[in-house]
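Hello,

Here is the structure you asked about. Please open it and keep it beside you while you read the notes below.

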Amino acid sequence: MAIRLNFHHEIDRRMQARRRDPLKLSLFFLGGLVVLMAGFYFYEAERVAGELQGVERRRFDLSRLEARAVQASKLDEEFQKKARLSGTLVERMEERFYWAPFLERLARLVPGEMQLTRISGETHGEDRRCQVSVEGVVGGASPREVAERFRAEVKNAASKLYREAQADFRALEEAPEAADGRHPVVFQIQVQFVAGKELPKPPPPRVKKVRP
Amino acid sequence: MKLEKSELEKLLLGVLLFGGVAYAYWAFLLSPLHSKEVQARLAGVDLDRKLKDAQEKVAKGDRATREGPGVQQVLDQVAAMVPEGAPVAWFPSQVSAVLRDTGAGKSAVRLISESPEKGVEGFVRTVWAVEVPRAEFVPLIRSVAALEDGHPLLEVTSLGIEGIREDPEKVRAVLGLKRLVKK
């Protein structure tokens, strides 16, 4: 077997050492990394630029819209004021208590033996609470029964039209003897009802907890 | 594989270089970009809120423009119900005319009080007393109905009707009226 001698072993070793030079390798690696980082940076920069562009666009939209918004705000404020006034006025008109229909019904309920001598009434409060006093004289064979029937009919009629209707006798007394020898009855009926809308109930009062 | 001392030094130099590049990349490039992005996002959120507010205001303004004429029409109608001048100058004659025309006969109208009406800006509440000395019951009710129907700004707040002893067909009446008038 022939002996082979490598006279270039020194050169080979140097070449090998150059090939696996850590500095060169790390520079290669660093170069690749820098390329990747630069790519990522440009991608990010593009994205941020897009975002900034979006902000600028919105800023422009806002500047264009702001003048209209100020004008619209003034218009709306004025409109709200007018709408409130108009709403209140319409509500006041619609929520009124109409006396004429009530008096007309009352007049229709009066029987032949009865004569009303006085009607007085008033409304008060936002819910139109009404108090009506009806005074009259009843003649005939059974004036008390007629008066009671009238009271019940008034209550019934008021209940159909309004809320919380009540009709109670305040007085029911015999009057002096009439020409036919009978004793007529003088009465006073107090009618109460609520003609307006139901008001919201006030919140229950807070009860303070007392620590023992 | 065993590294020689010089190779180790080079490797360390490479690592240091990498650290320097990474630091510079983060500190001078990515970090400002990131803070710019955060600022842009915050500004975007703020602008979005302002834009939404502005759009809502514009929408409300559009609604006001759309519905304004209807509201104005109601106000104009109400304004037309109140004649010009002091209420004492026109209201008594207006009420007396209604009572006369509906058959309730003569009447006397007096101003009782005048006060600002709560919740109705620009209007004043006037309270009046109307005395009808002699009238038939049915025409009187008709008068009350005519007042209530024909004058929406008027409200009958109280009434007192009393029969006249000497004339059983007739009644005497006192009406309490509330009328809204312009300030």
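Chain A and chain B bury about 5,700 Å² between them. Of that, 69% is on carbon and sulfur atoms. Buried area is the accessible area (1.4 Å probe) that two parts lose on being put together, summed over both. Arg58(A), Phe79(A) and Arg96(A) supply 11% of the area that chain A buries against chain B, more than any other three residues.

This is a predicted model: local features need pLDDT of at least 70, side-chain atom pairs need 80 or more, and totals for chains, interfaces and linings use all residues. Residues are numbered from 1 along each chain as written, chains are lettered from A and ligands numbered from 1 in written order, and side-chain values use heavy atoms, without hydrogens and water.

Now the contacts (heavy atoms within 4.5 Å). 61 residues of chain A touch 70 residues of chain B.

The rule finds 6 salt bridges across the interface of chain A and chain B. A salt bridge is a side-chain nitrogen of Lys or Arg within 4 Å of a carboxyl oxygen of Asp or Glu. One pairs Arg128(A) with Glu155(B), with the closest N and O atoms 2.9 Å apart.

Strands also meet here. E1(A) and strand E3 (residues 154–163) of chain B run antiparallel, joined by 5 bridges. Strands are DSSP runs (E, at least two residues), numbered from the N terminus. Two strands pair if DSSP finds at least two bridges between them. Gly121(A) has Leu159(B) as its bridge partner in E3(B).

Best wishes

Notes:
Helices (H or I, at least four residues) and strands (E, at least two) are DSSP runs, numbered from the N terminus.
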